[in-house]
Amino acid sequence: MNTERNKDGLIAVIGFSDRASPLEPLWPSTHRALIPIAGKPLIVHLVEQLANAGIRHIRVAGSIQQYAVRNRLRCGREWGMTIRYSDLHGDELLAECLATEARCLYLLGDHLYDADFGGLGANSARSEKSPDIEQGMAGIWRIDGGDVDGHSLVAATGRVTYVNPLVNALDYHHANLRAVRGFLPRLNVPGTTLHEHAIADWQAEVAADARIGSSVFIGKHCRVGQLARLESDCVLANGVVLESGARLENVSVLPNCFVGRHMSMRDAVIGADGVLALDGRFWPVRNGQLLGPTRDNLEYRTGLPDRNIVNTTR
């Protein structure tokens, strides 16, 4: 790798944790880095943050189902950057990059971050602080006097940084809400009355008499029926159909999920196969009038396994 090319900036190295999916058993085969967060895969949020911070070179470590990550990110042209892939694990890839780069930003691709990556290049070039993180942890890494030093994001940016490792369903729901509140622009559907803290994609269809509360996100190609109620803290991923009269509160709905008119649910993650409560309890649902798929999920786009079911009647 060309050190001269990156001397004034940072190269980002993305590794992955070995945890199970926080959506088990609702979606046990989901690649953690492709879990949908507020309408887009988790790792896409991370790549967009890095691109906005001016970081133009990313190395991605090897992981199970890496082909799915490759299919989504490809070469990085979508964000004006270069993304290269490796068979090495995260710590091994970081060591390889440090052999040619002055400094590397190491992150986990299955974590949600709220950090000022834009200030890392200048602030971390000459740090007087002592290393404060161990191998395998996210932060700025460099070789100093023959030793590998690691500084956490908090130490490098000088401010409190939010990190969500997505361990369980509650973490996943909080990550959805955090992304809605912090990362997304406000886009209202013409002719629809939304709460001032609600967001709906312009490609969504929301009935005029639907009740939309605060901290609600409605993704692309969603349909919210008449008299449906989305109370506070609800996130509908792309392709969700919420039938007339359904009521949700403090709920995340996974992509391409049909929610029937008789459904009333709170404090849960909902998918086409069942309901995962935020406390970890799971209820499979086999009634197509209550829950079901709206169309194929295409894992490389949505993060959810293909179901090989296409339903165009709803």
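Colleague: In what order do the six strands of the open sheet stand, and how should I read the pairing?

Modeller: The six strands form an open sheet in the order 5-4-1-6-8-9, and the pairing is mixed. Strand 5 and strand 9 stand at the edges, and because each has a single partner strand, one side of each is left without a neighbour in the sheet. From one strand to the next the twist averages 25°. Please keep in mind throughout that this is a predicted model.

Colleague: Which bridges hold strand 1 within that sheet, and in what sense do they run?

Modeller: Strand 1 (residues 11-15) is joined to strand 4 by four bridges, and these two strands run parallel; on that side, I14 has V60 of strand 4 as its bridge partner. Strand 1 also pairs with strand 6 in the parallel sense, over five bridges, and here I11 stands opposite C104 in strand 6.

Colleague: Moving on to strand 4, which residues lie on each of its faces, and are they buried or exposed?

Modeller: Strand 4 (residues 57-60) is covered on both faces, with H57 and R59 buried on one side and I58 and V60 buried on the other. Strand 4 also pairs in the parallel sense with strand 5 (residues 82-85) over four bridges, where H57 stands opposite T82.

Colleague: What is the handedness of the β-α-β unit made by strand 4, helix 2 and strand 5?

Modeller: The unit is right-handed, and its helix, helix 2, spans residues 66-73.

Colleague: How do I read the buried side of a helix, and which residues of helix 3 are buried?

Modeller: An α-helix has 3.6 residues a turn, so residues three or four places apart point the same way. In helix 3 (residues 90-98), the buried residues are G90, L93, L94, C97 and L98. They cover an arc of only 135° around the axis, which puts them on the same side of helix 3.

Colleague: What covers those buried residues of helix 3?

Modeller: The cover includes strand 1, strand 4, strand 6 (103-108), strand 8 (139-144) and strand 9 (147-151). Helix 3 packs on the sheet, touching these five strands, and its direction makes about 165° with that of strand 6.

Colleague: How many residues of helix 1 are buried?

Modeller: Helix 1 (residues 42-52) is mostly covered, since nine of its eleven residues are buried; these are L42, I43, V44, H45, L46, V47, Q49, L50 and A51. Helix 1 is followed by G54, whose phi is positive, near 90°.

Colleague: What is the strand order of the open sheet of five strands, and which strands are at its edges?

Modeller: That open sheet has the order 12-15-18-20-24, with mixed pairing. Its edge strands are strand 12 (205-206) and strand 24 (291-293), each of which pairs on one side only. Two bridges join strand 12 to strand 15 (residues 223-224), and these strands run parallel; V206 has V224 of strand 15 as its bridge partner.

Colleague: Where is E243 placed, and is it buried or exposed?

Modeller: E243 lies in the loop between strand 18 (241-242) and strand 19 (247-253). Its relative accessible area is 17%, so E243 counts as buried, the cut-off being under 20%. Leaving aside neighbours within four places in sequence, E243 is in contact with R223, G225, A228, F258, V259, G260 and R261.

Colleague: How should I treat the cysteines, and how many disulfides are there?

Modeller: A disulfide is a covalent bond between the sulfur atoms of two cysteines. With sulfur atoms required to lie within 2.5 Å, the count comes to zero disulfides. C222 is buried at 2% relative accessibility, and C234 is buried at 1%.

Colleague: Finally, how many helices and strands does the protein have?

Modeller: The protein has seven helices and 24 strands, and 54% of its 314 residues count as buried. Among contacts between residues at least 6 apart in sequence, 49% join residues at least 24 apart.

Technical notes:
Residues numbered from 1 in each chain as written. Predicted model: local features only at pLDDT ≥ 70, side-chain atom pairs only at ≥ 80, totals over all residues. Heavy atoms only, no water. Buried < 20%, exposed > 50% of the residue type's maximum accessible area, 1.4 Å probe, protein only. Contact = heavy atoms within 4.5 Å. Pairing = 2+ DSSP bridges. Right-handed = clockwise from strand over helix to strand, strands pointing away. Arc of directions from axis to C-beta. Axes fitted to C-alpha atoms, helices over the stretch in contact; angles between N-to-C directions.
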